[in-house]
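Try each task before you read its solution.

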Amino acid sequence: MSQTVLIIEDDTAIREAVEVVLERAGLHTMTTPYGREGLRMLYERRPDIVVLDVGLPDIDGWDVLERIRDVSDIPVLMLTARGLEHEKVRGFQGGADDYVTKPFSNAELAQRVMAILRRVDQTTIASVYEDRNVRIDRTARDVSVGSDRIDLSVLDYQLLLAFVDHAGQVLSRGQLLELAWKDPLRIGPDRVKFAVGRLRRKLGWTGSSPINSVRGVGYRYQRDM
Ligand code: CA
């Protein structure tokens, strides 16, 4: 079955170009120039991925992203006119899966969208996650690094899953608390630092680790490091 992309973009020329290129890539498309309407379409019609412009006439794309993340893990690719570093960090912190900076080529956009969809397919369908750093069998709840089986506590395991499921994204301490801890409200963010350190040690990821610290923001897991 063909997957559906929701395109929220107010610039008619860009919206139509994105629509055409993604239909050519084999996706169903639905489009709107408005953030609010986009949110309604998201709830009602459950697309598989959202392409979201930052500058929209009614509500800001960042607000749309925030509202999407309140209710859904659906992949979101942001279209941003600004190539500034803090905008990218903001996007990833806000839970965007990827972004492209305008002007972009149609081929690049289609490639990014299809890459995200492939990634999501792998994580939802396969019970085994594997990259060059680690292998995780979710059914058996087995973790190995190289040929070594690693014994992890429930918390360490949840923390590791939070990282691999959001590979490439910067996760704040607050987001990690939400993702890995059962009772995040009762725990201070300092505990995250401690837990990440322990996880790195258990996995033997000391020195140049696939779990990078992003100063003042949080952490990011890098696949295939
Ligand atoms: Ca715009």
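**Exercise 1. A leucine in a strand**

Is Leu52 buried or exposed? Work out where it sits and what surrounds it.

Solution. One thing to keep in mind from the start: this is a predicted model.

Step 1: find the element. Leu52 belongs to strand E3, which covers residues 49-53.

Step 2: check the accessibility. Leu52 has a relative accessible area of 0%, and the cut-off for buried is under 20%, so Leu52 is buried.

Step 3: list the surroundings. Skipping neighbours within four places in sequence, Leu52 touches Ile8, Gly61, Val64, Leu65, Val76, Leu77, Met78 and Leu79.

Step 4: Leu65 is 13 residues from Leu52 along the chain, and their C-alpha atoms are 8.0 Å apart.

**Exercise 2. The calcium site**

Which protein atoms are donors of the calcium ion, and what spacing do the donors follow along the chain?

Solution. 

Step 1: collect the donors. They are Asp10 (OD), Asp53 (OD) and Gly55 (O), at 2.1 to 2.3 Å from the calcium ion.

Step 2: write the spacing as a pattern. Along the chain, the donors read D-x42-D-x1-G.

Step 3: Asp53 is buried at 3%, whereas Gly55 is partly exposed at 38%.

**Exercise 3. A salt-bridge network**

What residues are linked with Glu9 in a network of salt bridges?

Solution. 

Step 1: get the overall count. The structure has 11 salt bridges.

Step 2: look at Glu9 and Lys102. They form one of these bridges, and their closest N and O atoms are 3.0 Å apart. The pair connects distant parts of the chain, 93 residues apart: Glu9 is in the loop between E1 and helix H1 (12-24), while Lys102 is in the loop between strand E5 (98-101) and helix H5 (106-125).

Step 3: Glu9 has a relative accessible area of 0%, so it counts as buried.

Step 4: Glu9, Asp53 and Lys102 are joined in a network of salt bridges.

Step 5: while you're at Lys102, look at its backbone. The peptide bond from Lys102 to Pro103 is cis, with omega near -5°. Pro103 is in the loop between E5 and H5.

**Exercise 4. Where H6 meets H8**

At roughly what angle do the axes of H6 and H8 cross, and which residues make the contact?

Solution. 

Step 1: do the geometry. The two axes come within 10 Å and cross at roughly 90°. Angles of 65 to 115 degrees count as roughly perpendicular, so that is the label for H6 and H8.

Step 2: list the contact residues. H6 supplies Leu155, Asp156, Leu159, Leu160 and Phe163, and H8 supplies Ala195, Val196, Arg198, Leu199, Lys202 and Leu203.

Step 3: sort them by class. You get eight nonpolar, no polar and three charged residues.

Step 4: look for a salt bridge in the contact. Asp156 pairs with Arg198, with the closest N and O atoms 2.9 Å apart. Asp156 is in H6 (residues 154-165) and Arg198 is in H8 (residues 190-203), 42 residues apart.

Step 5: check both ends. Asp156 is buried at 0%, but Arg198 is partly exposed at 23%.

**Exercise 5. Positive phi**

What is the phi of Arg46, and what is the phi of Arg141?

Solution. Arg46 has a phi near 45°, a positive value in a non-glycine residue. Arg46 sits in the loop between helix H2 (35-45) and E3, and is exposed at 65%. Arg141 also has a positive phi, about 55°. Its place is the loop between strand E7 (135-137) and strand E8 (142-145), and at 34% Arg141 is partly exposed.

Definitions and conventions:
Residues are numbered from 1 along each chain as its sequence is written. This is a predicted model: local features need pLDDT of at least 70, side-chain atom pairs count only at pLDDT 80 or more; totals for chains, interfaces and linings use all residues. Side-chain values use heavy atoms; hydrogens and water are left out. Donors are N, O and S atoms within 2.8 Å of the metal (3.2 Å for Na, K and Ca); water is not among the atoms, so sites may look incomplete. Buried means under 20% relative accessible area, exposed over 50%, partly exposed in between (1.4 Å probe, protein chains only). A salt bridge is a side-chain nitrogen of Lys or Arg within 4 Å of a carboxyl oxygen of Asp or Glu. Helices (H or I, at least four residues) and strands (E, at least two) are DSSP runs, numbered from the N terminus. Contact means heavy atoms within 4.5 Å. Axes are lines fitted to C-alpha atoms, for helices over the stretch in contact, and angles run from 0 to 180 degrees between N-to-C directions. Angles under 35 degrees count as roughly parallel, over 145 as roughly antiparallel, 65 to 115 as roughly perpendicular and the rest as oblique. Ala, Val, Leu, Ile, Met, Phe, Trp, Tyr, Cys and Pro count as nonpolar, Asp, Glu, Lys and Arg as charged, and the others, Gly among them, as polar.
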